[in-house]
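Dear colleague,

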Amino acid sequence: MLYCLNKQLLSDYKSKKSAFTMSEHAKLQSFARPGRNVKMNMDSWRIPVSGMSCAACSSRLEKKLNEDMRINDASVNLATAQARISGEISLAELEAIVSACGFDVPRREARYPISGLSCASCVNKTEAALAALTGVTRATVDLANGEALVAYVAGVVEPEQLAEAVRKVGYEMDVEGAEEAAQAQADARREQELATLRQRLWGGVVLTLAGMAAMQLAPQSGWRNLLLWALATPVTFWSGWGFHAGAWRVLRHGSANMNVLVSVGSLSAYLFSVLVALNPPWGAASGGHVYFDTAAMIITLILIGRYLEARAKGRASQAIRQLMDLTPHQAIRIDADGDEQQIPLTQVRVGDLLRVRPGERIPVDGVATEGESTVDESLLTGESMPVDKSVGDALAGGTINGHGSLTMRAERVGRDTALAHIIERVRQAQAAKPPIARLADRIAGVFVPVVVTLATLTGSIWAFAVPDATVGEAMSRFIAVMIVACPCALGLATPIAVMVGSGRGAELGILIRGGDVLESAGRIDVALFDKTGTLTQGKPELTDGPADLEAASLAGSVERHAEHPVARAIVTGLQTAQIDCERPVKSFKALAGRGVRGRVEEKKVLVGAPHWIISQGVDVPDAQQAVVRQLEGEGKTVMLIAVEGAYRGFLAVADAPKPQAAQALALLREQGVRCLMVTGDNAAAARYVGAQLGLAEADIHAEQLPDGKADLTAELRNQGARVAMIGDGINDAPALAQADVGVAMGGGSDVAMETADMALMGSDPRGVATALGLSRAVMRIIKQNLFWAFAYNVTLIPVAAGVFASFGLTLSPALAAGAMGLSSVTVVLNALRLRRFQPPFSM
């Protein structure tokens, strides 16, 4: 006997699910872990590297690191000035390799207050605890002031680890705002570098203009040469000191980089001019020209380019700073007596009760325990509509409380919050490089020695093989080739675009594993969507149930242990109908794409898809099978119940498509992407949903087990398609791993988030079109940057070498310096256009 569960009881149940659930915090943690393509060993660090100035620097360091047998994988990013290393190597050994290439691993210095210190023994214990941490190079504790001065390598050890080490020896170290302080320190260091550049630049500009005026106004004489010498000397050695120091640093380690080219070019012009000024007869025989103005203009013009580049790169890294600014510094804690006290955020502990006033940012991740309000979660999901919150709903740190007052219980604090993991995810993505960057790295690695050879060859040909050419002309050609060929733009072309693109993705609620994912996503031409929870609401409601209340109770008790949205809908619906779903279950097992099984009070219970239940030898009456087919034709998902091998009834749930699903598929089709739907659900239900979304029957693949989804993905790839799999459940994980790009939807399972290459923080399927569109935009910018970087060198090197001199087309050293600086600035400014990327739909 079959009956429909009381409609009134079901309609009374109104699920107030938040757009951001507590389970998603755990998914963020799993997504922040290294993906399947990242090799993890004893140690994995992302360390800062100072002293790199061009692609030759980063390429050489990456090559040296990967040559070491103790390192499994190393990637060096010029734009972020970081090296990502995994392997079994100590920090000291790693620093030795970096130092041998002429670079440094900078330390971060910070002072932290420590409470509980009372004597010299306390100081010794605290210092020893800090010094024992890998990455800490100096720790000094001041008993009088109650603070510790710690020097450490960021990326190897973090402030929270310092605080934990101190806590273990019995004291408390306050690292409140450590990340913000570190970012402020980095900003201050960047501002100081800009200020220094600005000083040297203005000094160079003034003296260079004075030299140019002297060249035009003063008659050629020994005195004019001496005046130009006096004006050019500060520019060459003070304004250009950074180039000369950087060149010496790498030359003494047997290498070369952009600084070498600039230094050799400017010093060649300067020293040649000194010889002419001191020995006029020789100078007359060499053409009689001095190049003091050229030496000064080389330094000044390249400084202009470097200054503009530094400013633009600062804007490129704004995404992380903006995310960090979202973290509040204070929280209001409610004690056991109900009194409220404002405390630093770092003093918030898991389990604390906190008050969130209207308009304030939620301090940490947690659960609402009192009150009702709306919360702006756009920083996490990219979706602008506020979300209703009430008791039991999840709250994410950094989001903005609306009109109501809330009391919450802290669940995740510090580096465990969703916002902290988003920041870490963005940092990891910015540090990774797409495969397209490898060609540029290989070229940059040999570019400088080739340029030095080419410039020397050019100078020699003009000095000894070109009739009527003077030594001065040969010197001019040598310098022009040396300067114009600097590979700066080549090294910045890819990482700066990845940096800006991944930051913009985070702002739009898209987390990306790395640059390699961007490259793959930019070529996608087939999107394979899971149905439940991806294209549909993922919150199905129970519509039909068995007359056998005992069978319903047994089924609900087993389904209570499952993660699938259908299982949650069954349990919620049964509990709303006052059916007990809390009976103890043993030997529970979820069989992806089939159903669940377990023992309840020693009774073997199966709940699952009709084809699976029948395959287990359960006899389902024909009349019941007809009813099941009728319900499936209405788009419902039907689960059969078997107890001790006997059929006991069925449960049916309905799941409506998401309002944005049809538009999401239409947007992808506009991008040239073919859309398919794959589901473990029955064919009738799949066709019912597919018809509402405008999918052709040939593009709907129903009753697919996890292996079937993965096989379909592999089959499409074997046919030449570049496939993105979009899903949210455990049963989607094999297909997510098999696809060219796996995309996990917000609200999905931990396994799906861990397996995916991209994660959408929101549940809007239109985010897939945004993610693929952003990837294509990033790859378009990278290709433009690489084209212009290559074209710049290929075009201007022969011009600088004088190949077209007979046609009157030449390039002076000063113009070469201006062109080289402009190329780097152009690449960075082109990448910054990604900050204006907008989703292909109205938010």
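This is a predicted model: local features need pLDDT of at least 70, side-chain atom pairs count only at pLDDT 80 or more; totals for chains, interfaces and linings use all residues.

Residues are numbered from 1 along each chain as its sequence is written, and side-chain values use heavy atoms, with hydrogens and water left out.

A search of the whole structure gives 4 aromatic pairs (rings of Phe, Tyr and Trp, the last by its six-membered ring, with centres within 6.5 Å; planes under 30 degrees apart are stacked, over 60 edge-to-face, the rest tilted). In one of them, the ring centres of Trp 229 and Phe 292 are 6.2 Å apart and the planes lie at 10°, so this pair is stacked. Because Trp 229 belongs to helix α8 (residues 222–239) and Phe 292 to helix α12 (residues 292–316), the pair ties together parts 63 residues apart in sequence (helices are DSSP runs of H or I, at least four residues, numbered from the N terminus).

Phe 292 is buried at 1% relative accessibility, whereas Trp 229 is partly exposed at 22% (buried is under 20% relative accessible area, exposed over 50%, partly exposed in between, with a 1.4 Å probe and protein chains only).

Phe 292 also pairs with Tyr 270, with centres 5.7 Å apart and planes at 75°, so that pair is edge-to-face. Tyr 270 lies in helix α10 (residues 258–278) and is buried at 6%. Trp 229, Phe 237, Tyr 270 and Phe 292 form one aromatic cluster.

Separately, the charged end of Arg 477 sits over the ring of Trp 462, 4.5 Å from its centre (NZ of Lys or CZ of Arg within 6 Å of the ring centre and within 35 degrees of the ring normal).

Best regards

How values were computed
Helices (H or I, at least four residues) and strands (E, at least two) are DSSP runs, numbered from the N terminus.
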